Amino acid sequence: MSPLSDFGSLRYRSDFTAAAKLRRFAWEVVWLLAFRPTPRWALHGWRRFLLRSFGAEVGAGCRIAPSCRVWAPWNLVMGEFSALGDGVDCYSMDRITIGSKVAVSQRSFLCAGSHDIRSLSRPLVTGPIVIEDHVWIAAECFVHPDAVIREGAVIGARSVVLKEMPAWSLCAGNPCRKIKDRVLRDRHV
């Protein structure tokens, strides 16, 4: 039998301990029963409290939509007055660090975990995501593991961020790249 046809030996093997699986299960139950059913326009403090109770570092004034999914709150760090919009998916298998005054718009996917395609058993690989202050990630973007979005960058809708995006720039596309500088109006800081 060819090694490529021995599918039993290529089964996915989870490296998660029973305690880690139990922690994830507990968070999923809390998300489903206490986080998700809250009204979108209210109870922001309650959702921050629930995330903090599971180890997230969430700054003052953050707004997290009830439909936002956070895979592992203990891997989420948010500065002050940042927002995670409707349907945002924080697949926080590794650290996701979000600065202050950051907006992550609806249905964007912050993906800190993937699989190694160099192996047929596709083992888990993770990488942190860093999003600095004053960033806006527009609707339906994908942010890859190990991506860094520097201060003040704007990521255009449906872009795919695979690497570092420069500060104070407008970036867009698949793959995402700098389009032009982001210039602020003097009186509109």
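Trainee: How much of the chain counts as buried?
Mentor: Of its 189 residues, 40% count as buried. Buried means under 20% relative accessible area, exposed means over 50%, and partly exposed is in between, with a 1.4 Å probe and protein chains only.

Trainee: And where does the model come from?
Mentor: This is a predicted model, so local features need pLDDT of at least 70, side-chain atom pairs count only at pLDDT 80 or more, and totals for chains, interfaces and linings use all residues. Residues are numbered from 1 along each chain as its sequence is written, and side-chain values use heavy atoms, leaving out hydrogens and water.

Trainee: How many helices and strands are there?
Mentor: The chain has 2 helices and 20 strands. These are DSSP runs, numbered from the N terminus: helices are H or I with at least four residues, strands are E with at least two.

Trainee: At what angle do helix 1 and helix 2 pack?
Mentor: About 170°, with the axes 11 Å apart. That makes helix 1 roughly antiparallel to helix 2. The cut-offs are under 35 degrees for roughly parallel, over 145 for roughly antiparallel, 65 to 115 for roughly perpendicular, and oblique for the rest. Axes are lines fitted to C-alpha atoms, for helices over the stretch in contact, and angles run from 0 to 180 degrees between N-to-C directions.

Trainee: Which residues of the two helices meet?
Mentor: W27, V30, A34 and F35 in helix 1 meet W46, R47, L50 and L51 in helix 2. Contact means heavy atoms within 4.5 Å.

Trainee: What about R48, buried or exposed?
Mentor: R48 counts as buried, at 16% relative accessibility. R48 is in helix 2. Leaving aside neighbours within four places in sequence, R48 contacts V58, G59, G61, C62 and I64.

Trainee: New topic. How many salt bridges are there?
Mentor: The count comes to 10 salt bridges. Each is a side-chain nitrogen of Lys or Arg within 4 Å of a carboxyl oxygen of Asp or Glu.

Trainee: Which residue does R69 pair with?
Mentor: R69 forms a salt bridge with E28, and the closest N and O atoms are 2.6 Å apart. R69 lies in strand 3 and E28 in helix 1, so the pair ties together parts 41 residues apart in sequence.

Trainee: And which residue does D86 meet?
Mentor: D86 meets R40 in a salt bridge, 2.7 Å from N to O. R40 is exposed, at 52% relative accessible area, while D86 is partly exposed, at 26%.
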